[in-house]
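I opened a notebook for this chain and went through it entry by entry. Each entry notes what I looked up and what I found.

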Amino acid sequence: MKSQKSISRIAISMASALILYGSHGWAGTTDTTEGVQGSNTSNTGVMIYKMGRIVDDSDFVDVTSQIPALGGTVLKGNPTIKMRFDAPPPPDDTTVHGVFEQIGQARIRIVFPFDEHMQVIHGVLKITDSAGTITYLTPGDSYFIAQGSEVLWETLTPLFQKSFHDYTHH
């Protein structure tokens with residue numbers, strides 16, 4: 001189990017929160033309605049995210065206190081931020097990947113401390129970049145945001161989840 005200091009270091013190298021999934025058609029289960037079989041991530045390294053289906057967050061880590069370390073300043077709202085790290089490989093101080101969850105609508109100014117590629121699993125996100133361009137992201141949409149970029153992050157639904165892969169340039 002990672003210490004709080006290690007979790008903080010990991011949080012710095014990731015964005016704004018999958019070892020095993022529960023019984024909702026995610027990795028480790030068979031989804032017969034879609035004809036897709038997920039795999040146990042601890043055995044194969046295959047993670048399956050079904051767009052629009054909420055990921056069970058029972059083993060997510062609460063990183064709400066790490067919002068500033070993630071480059072964020074909450075401007076409006078009182079969000080709870082949780083995440084689960086994918087494995088293998090385990091997160092390190094350069095790369096991290098997993099599932100992020102925000103509970104509660106909020107507006108957060110973020111200066112990204114890493115490159116991030118993500119895909120929306122559940123919810124609606126409004127991103128405004130430093131040029132003022134507004135983009136709405138819904139399940140299945142993705143973005144890439146370069147380290148050092150500033151965005152206004154607004155969740156428009158009470159629950160927002162994304163899968164992410166972050167890389168920190170040193």
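**Entry 1: terms and ground rules.** I call a residue buried under 20% relative accessible area, exposed over 50%, and partly exposed in between, using a 1.4 Å probe and protein chains only. The model is predicted, so I noted that local features need pLDDT of at least 70 and side-chain atom pairs count only at pLDDT 80 or more, while totals for chains, interfaces and linings use all residues. Residues are numbered from 1 along each chain as its sequence is written, and side-chain values use heavy atoms, with hydrogens and water left out.

**Entry 2: the whole chain.** I looked up the secondary structure and found two helices and 13 strands. Helices (H or I, at least four residues) and strands (E, at least two) are DSSP runs, numbered from the N terminus. Of the 170 residues in the chain, 44% are buried. The accessible surface is about 8100 Å², and carbon and sulfur atoms account for 54% of it. These areas come from the Shrake-Rupley method with a 1.4 Å probe; for residues, only the protein chains shown count as cover.

**Entry 3: the open sheet.** I traced six strands in an open sheet, with antiparallel pairing and the order β3-β5-β6-β13-β8-β11. Its edges are β3 (61-62) and β11 (142-145); each has a single partner strand, so one side of each lacks a neighbour in the sheet. Two strands pair if DSSP finds at least two bridges between them. I checked β8 (residues 115-122) against β11 and found four bridges in the antiparallel sense. In that pairing Glu 116 is opposite Ile 145 of β11.

**Entry 4: a lysine inside.** I looked up Lys 162, which sits in strand β13 (residues 159-167). Is Lys 162 buried or exposed? Lys 162 counts as buried because its relative accessibility is 0%. Its side chain has a polar contact of 2.9 Å with that of Glu 116 and another of 3.4 Å with that of Tyr 143. A polar contact is a pair of N or O atoms within 3.5 Å; within protein, one must be able to donate a hydrogen and the other to accept it, and residues adjacent in sequence count only if both atoms are side-chain atoms.

**Entry 5: strand β9 and its partners.** Four of the five residues of β9 (residues 125-129) are buried, so the rest of the structure largely encloses this strand. β9 pairs antiparallel with β10 over four bridges, and Lys 126 is opposite Tyr 136 of β10. The two strands form a hairpin with four residues between them, and Gly 132 in the turn has a positive phi of about 90 degrees. β9 also runs antiparallel to β12 (residues 150-155), joined by five bridges. There Ile 127 is opposite Trp 153.

**Entry 6: nonpolar cores.** A nonpolar core is a set of buried Ala, Val, Leu, Ile, Met, Phe, Trp, Tyr and Cys residues joined through side-chain atoms within 4.5 Å. Which residues have the most contacts inside the largest core? They are Met 83, Leu 125, Tyr 143 and Trp 153, in a core of 24 residues. Elements giving two or more residues to this core include β5 (80-85), β9 and β12. Another core, of five residues, lies apart from it, with Val 55 and Phe 60 among them.

**Entry 7: salt bridges.** I found six salt bridges; each is a side-chain nitrogen of Lys or Arg within 4 Å of a carboxyl oxygen of Asp or Glu. Arg 84 and Asp 59 form one of them, with the closest N and O atoms 2.2 Å apart. Arg 84 is in strand β5 and Asp 59 in the loop between α2 and β3, so the pair ties together parts 25 residues apart in sequence. Arg 84 counts as buried at 3% relative accessibility, whereas Asp 59 counts as partly exposed at 39%. Glu 154 bridges to Lys 126, with the closest N and O atoms 3.8 Å apart. Glu 154 lies in β12 and Lys 126 in β9, so this pair ties together parts 28 residues apart in sequence. Shared partners join Arg 107, Lys 126 and Glu 154 into one salt-bridge network.
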